[in-house]
Amino acid sequence: MTIHRTPPRRPALAGLLLLTAFAVAAANATEQAPRRPPEPFNVFIHASDPEDQELKEGLEKAAEELRERVAGRRSWFRVVDHAEEANITLRVINYRTSQTMMPKLERLFINGQVQLVERSEIVEFHYVDAVALGGSARGNLTGLDERESGTSLRNAASHLAEQLEEFCKDNYAALTSQ
């Protein structure tokens with residue numbers, strides 16, 4: 001006659017492991033941002049006040065375009081007129097443009113043969129820099145638009161609005177603990 005022995009069960013250890021797994025899952029769930037927040041964040045957008053009048057006008061223009069782009073993300077943001085109402089303050093600190101010549105190869109048919117011809121293309125860049133403050137979170141954000149033609153402040157502001165949404169997702173716990 002053969003006797004098979006089974007190891008004793010350890011329900012306390014299994015329960016502890018299961019409880020730990022639930023605690024870790026719950027902690028991760030609270031740290032991650034939801035797909036959409038229950039209420040949009042109130043955002044106050046303003047331009048910094050430099051002494052240079054030309055820069056000041058550019059910052060005001062960038063801040064106005066940024067208000068429109070952020071307001072378009074209705075599930076995440078609501079633009080407010082006063083800093084006291086805001087969960088997040090977005091201060092536009094720089095707006096600049098630059099151009100550079102970029103070499104570009106093109107295929108041309110010359111006398112029935114394909115030849116590569118190098119030419120230069122002007123590429124224009126638009127940058128909008130801002131600082132986001134909310135709760136205990138702070139972030140430097142940059143919106144960039146880079147194209148051969150049709151670059152605009154609007155596209156750079158749209159990119160910065162995307163960066164603001166990512167900032168909110170990354171810092172969701174700090175922004176909602178107020």
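**Legends to the close-up views**

**View A. Asp-145 is found in strand β5, residues 137-147.** The model is a predicted one, in which local features need pLDDT of at least 70 and side-chain atom pairs count only at pLDDT 80 or more, while totals for chains, interfaces and linings use all residues. Residues are numbered from 1 along each chain as its sequence is written, and side-chain values use heavy atoms, with hydrogens and water left out. With a relative accessible area of 5%, Asp-145 is buried; buried means under 20% relative accessible area, exposed means over 50%, and partly exposed lies in between, for a 1.4 Å probe and protein chains only. Asp-145 and His-126 are 19 residues apart along the chain, and their C-alpha atoms are separated by 5.2 Å.

**View B. The protein has 4 helices and 5 strands.** Along the sequence these elements follow the pattern α-β-α-β-β-β-β-α-α. Of the 178 residues in the protein, 32% are buried. Among contacts (heavy atoms within 4.5 Å) with a separation of 6 or more, 66% are between residues 24 or more positions apart.

**View C. Helix α2 (residues 53-71) packs with helix α3 (residues 153-170).** Two packed helices are described by the angle between their axes and the distance between the axes. For α2 and α3 the angle is about 55° and the axes are 8 Å apart. Axes here are lines fitted to C-alpha atoms, for helices over the stretch in contact, and angles run from 0 to 180 degrees between N-to-C directions. The two helices are therefore oblique to each other, a class that takes the angles left over once those under 35 degrees are called roughly parallel, those over 145 roughly antiparallel and those from 65 to 115 roughly perpendicular. The crossing of α2 and α3 is right-handed: a crossing is right-handed if the near helix is turned clockwise from the far one by less than a right angle, and left-handed if anticlockwise. On the α2 side the contact residues are Lys-61, Ala-62, Glu-65, Leu-66, Arg-69 and Val-70, and these meet Leu-153, Arg-154, Ala-157, Ser-158, Leu-160, Ala-161 and Leu-164 of α3. The residues of this contact divide into 8 nonpolar, 1 polar and 4 charged. Nonpolar covers Ala, Val, Leu, Ile, Met, Phe, Trp, Tyr, Cys and Pro, charged covers Asp, Glu, Lys and Arg, and polar covers the others, Gly among them.

**View D. The structure holds 3 aromatic pairs.** Phe-41 and Tyr-172 form an edge-to-face pair, 6.1 Å centre to centre with 75° between the planes. Phe-41 belongs to strand β1 (residues 41-47) and Tyr-172 to helix α4 (residues 172-176), so this pair ties together parts that are 131 residues apart in sequence. Phe-41 and Tyr-172 are both buried. The rings of Phe-125 and Tyr-127 have centres 6.1 Å apart and planes at 15°, so that pair is stacked. Rings of Phe, Tyr and Trp (its six-membered ring) pair if their centres lie within 6.5 Å; planes under 30 degrees apart count as stacked, over 60 as edge-to-face and the rest as tilted. Phe-125 is buried at 14% relative accessibility. One aromatic cluster is formed by Phe-41, Trp-76 and Tyr-172.

**View E. Gln-99 is found in strand β3.** Its relative accessibility of 57% counts as exposed. Leaving aside neighbours within four places in sequence, Gln-99 is in contact with Ile-122, Val-123 and Glu-124. Ile-122 lies in strand β4, residues 113-134, and is partly exposed at 44% relative accessibility. For Gln-99 and Phe-125, 26 residues apart along the chain, the C-alpha separation is 6.1 Å.

**View F. His-82 lies in the loop between β2 (77-79) and β3 (88-110).** Its relative accessible area is 43%, and His-82 is partly exposed. His-82 and His-46 are 36 residues apart in sequence and 9.7 Å apart in space, C-alpha to C-alpha.
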